[in-house]
Amino acid sequence: MEKLKDRYNILIIFFLFVGAVILFQLVNLQIIHGEYYDSESQRKLLNERKVIAPRGNIVDRNGVAIAVNRQGFTVQMIYTRMKEDDRNRMFLNLASIFDKNGDSYYKSLSKYLTFNPIDFGTAINKSQSDVEKWIKSTVLDKPRDIDRVVTAEDVFRYLRLKYKISDNFTDEEAYKIMMIKYEIQMRGYDALNPICLAKDVSKETVAEIEEKHRDFPGVTTEIEPMRKYIGADLAAQVIGYVRGISTDDYKKLKNDGYNMNDIIGQEGIERQAEKFLKGKDGLRRVEVDTKGRTTEELDSNPALPGNDVVLTLDMKLQKVAMESLARNIE
């Protein structure tokens with residue numbers, strides 16, 4: 001009986017000792033060194049943010065504006081440490097916000113793999129060799145996996161495992177997460193260099209992301225110049241348009257100062273005069289916290305707008321000619 005009582009005493013002393021150690025650690029972390037650890041948790045990182053230069057205007061022979069600039073919102077993201085399931089949930093919530101507000105976002109995976117039905121996309125579905133080339137170069141982590149990744153369904157399942165999308169998500173949700181993760185795979189990002197997820201989003205999207213910024217670590221919104229066309233439909237084939245730079249164009253132009261978040265002229269004057277229309281981007285040196293949010297701007301170099309391009313077209317005359325042509329056709 002005496003031995004049993006001694007054992008109980010030993011257990012009580014042990015638990016008291018463990019409790020005292022835990023209590024001491026809590027006091028040490030939260031009271032004695034609380035201010036230090038709090039400042040460390042909020043430590044700031046130096047970062048350089050690109051200031052996008054406005055493109056030059058395109059005007060007709062009389063100076064009438066055809067292509068100009070306006071302000072728009074972009075959504076960007078830097079890498080932050082998170083559990084993979086939490087990161088996937090955040091991506092799904094972002095995609096849901098974009099869809100709800102009718103905003104488009106980068107989802108080039110849809111060109112190669114569609115959902116409902118799961119099938120190969122328009123970029124490769126007419127060529128078996130293109131399918132195999134895309135799977136080998138982009139989908140697979142290991143070349144030997146080629147034998148078990150043949151159909152579109154195989155690709156979907158493979159990417160789900162590759163991107164660590166758990167069974168907590170439905171296939172439809174997994175596909176939305178895949179589209180964002182595919183962009184990250186193709187264009188990359190880290191703790192200092194953001195990836196652009198969406199351009200020209202609505203004010204509602206910006207407001208919701210900013211309001212719930214604690215739910216979106218690493219995600220920020222920025223204001224950038226966007227292209228605006230005025231009556232360009234009268235000479236659409238001449239003016240052309242702009243869009244996000246493609247992987248092929250980026251490989252050709254990366255040594256000229258382009259990055260994967262840039263837009264570039266496509267077709268017509270926008271493409272032919274790209275070097276003249278593109279301005280020189282500026283830089284902002286800022287301090288950011290561990291969630292990627294700017295805490296202080298240190299200094300900046302302003303962006304230099306691109307050069308204007310003056311066409312020989314007369315848009316008033318072009319309008320009259322188009323209206324006359326329409327009447328004659330009728």
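Modeller: Of the contacts in the protein with a separation of 6 or more, 67% are between residues 24 or more positions apart, where contact means heavy atoms within 4.5 Å. This is a predicted model, in which local features need pLDDT of at least 70 and side-chain atom pairs count only at pLDDT 80 or more, whereas totals for chains, interfaces and linings use all residues. Residues are numbered from 1 along each chain as its sequence is written, and side-chain values use heavy atoms, with hydrogens and water left out.

Colleague: Why is Thr-74 called buried?

Modeller: Buried means under 20% relative accessible area, exposed over 50%, and partly exposed in between (1.4 Å probe, protein chains only). Thr-74 has a relative accessible area of 0%, so the residue is buried. Thr-74 belongs to strand β3 (residues 65-77), a strand being a DSSP run of E with at least two residues, and a helix a run of H or I with at least four, each numbered from the N terminus. Beyond four places away in sequence, Thr-74 touches residues including Cys-196, Asp-200, Thr-220 and Met-226.

Colleague: Why is Leu-26 called partly exposed?

Modeller: The relative accessible area of Leu-26 is 41%, and therefore Leu-26 counts as partly exposed. Leu-26 is located in helix α1 (residues 2-32).

Colleague: How many helices and strands are there, and what share of the residues is buried?

Modeller: The protein has 12 helices and 12 strands, and 38% of its 330 residues are buried.
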